[in-house]
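Please read them beside the structure.

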Amino acid sequence: MTLGGAYATRNHTIKHLQDLKGKAVLTETMPFTTREAAAAEEAGIDTLKVKFDPADPASALAIRNAAPHTFMTFCIGLTKIATAAEAVRAGYDAMELGADGIMCQWGPEFIRAVSDAGIPVEAHAGLVPRLSTWTGGLRAVGKTIEEAMWVYEQIQSFEEAGAWAVEVEVVPAELLAQISKRTRLVTSSIGAGSGGDIQFMFAEDILGNHAPPYPRHTKQYRNLFKMEQAMQAERVGGFRDYIDDVKSGQFPGPEHVVKAPEGLIDQFLAAVDGGGDK
């Protein structure tokens with residue numbers, strides 16, 4: 001049963017994921033469409049993440065429903081929450097919609113409040129894009145001893161606050177491998193090497209949904225952008241052919257129209273032009 005009170009069948013629970021720490025590396029992605037979510041579940045991705053706006057939950061709910069059997073974390077935007085009480089409320093809202101946990105970029109105070117309310121919460125360490133002004137922009141974090149200790153101490157603070165997991169983004173691979181051994185938190189690596197407990201990459205990167213350049217830490221397993229470009233060219237071509245046929249009189253042809261029964265038009269003309277009874 002979920003925290004929201006619904007019976008559900010999931011591939012994992014929090015306890016399962018905690019018990020697998022250090023024993024297996026799991027896979028994780030964030031789909032942006034229901035088709036991506038359904039495909040990820042069918043393929044066997046272990047865990048999913050979805051962006052969740054408490055004020056506009058429809059898209060998150062649709063993705064939840066598209067992958068009903070996969071462990072899913074609802075990621076709440078940093079600026080959507082202003083107080084610890086709001087964090088708890090947003091967490092409960094997410095769980096009632098079917099989340100198996102939430103993820104946040106909040107500090108230990110908010111994480112503690114959410115955890116104390118019984119909501120499984122995942123923190124975010126290393127490069128946190130929305131907070132990257134504090135670490136020098138969109139770059140790797142943890143390449144000096146000062147930064148490495150800061151990342152480690154930050155993860156320790158999340159653990160003490162009651163988080164069960166932490167997403168670690170773009171830190172040296174060897175650093176995450178060592179940190180992961182020294183924390184009870186389940187570590188989700190994005191651009192931080194294979195030393196985490198979960199390997200995370202966005203669906204749009206896995207599927208090649210956009211044009212280059214690609215982030216260095218990603219790999220494109222398909223090129224849907226190229227396929228979409230080809231499909232768009234086909235759409236344009238289809239419309240152009242239609243325009244040409246209409247202008248040249250080739251469409252509609254005899255096979256596209258309804259033919260009047262014999263005598264109907266004569267009767268119509270007689271009635272309209274001949275002044276007969278209507």
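1. Helices α5 and α6 are roughly parallel to each other (an angle under 35 degrees), because their packing angle is about 30°. α5 covers residues 108–116 and α6 residues 145–161, and their axes, lines fitted to C-alpha atoms over the stretch in contact, lie 8 Å apart. Helices here are DSSP runs (H or I, at least four residues), numbered from the N terminus.

2. This is a predicted model, in which local features need pLDDT of at least 70 and side-chain atom pairs pLDDT 80 or more, while totals for chains, interfaces and linings use all residues. Residues are numbered from 1 along each chain, and side-chain values use heavy atoms, without hydrogens or water.

3. From α5, Pro108, Ile111, Arg112 and Ser115 meet Ser157, Phe158, Glu160 and Ala161 of α6 (contact means heavy atoms within 4.5 Å). These residues divide into four nonpolar, two polar and two charged.

4. Which residues of α6 are buried? They are Glu147, Ala148, Val151, Gln154, Ile155, Phe158, Glu159 and Ala161, where buried means under 20% relative accessible area with a 1.4 Å probe, protein chains only. Their cover includes α5, β5 (121–126), β6 (165–169) and α7 (173–181).

5. After α6 comes Gly162, with a positive phi near 110°.

6. A second pair, α2 (residues 34–43) and α3 (residues 58–66), packs at about 30° with axes 8 Å apart. α2 and α3 are therefore also roughly parallel to each other. Thr34, Ala37 and Ala38 of α2 make the contact with Ala62, Ile63 and Ala66 of α3. That contact has five nonpolar residues, one polar and no charged.

Conventions. Axes are lines fitted to C-alpha atoms, for helices over the stretch in contact, and angles run from 0 to 180 degrees between N-to-C directions. Helices (H or I, at least four residues) and strands (E, at least two) are DSSP runs, numbered from the N terminus. Angles under 35 degrees count as roughly parallel, over 145 as roughly antiparallel, 65 to 115 as roughly perpendicular and the rest as oblique. Ala, Val, Leu, Ile, Met, Phe, Trp, Tyr, Cys and Pro count as nonpolar, Asp, Glu, Lys and Arg as charged, and the others, Gly among them, as polar. Buried means under 20% relative accessible area, exposed over 50%, partly exposed in between (1.4 Å probe, protein chains only).
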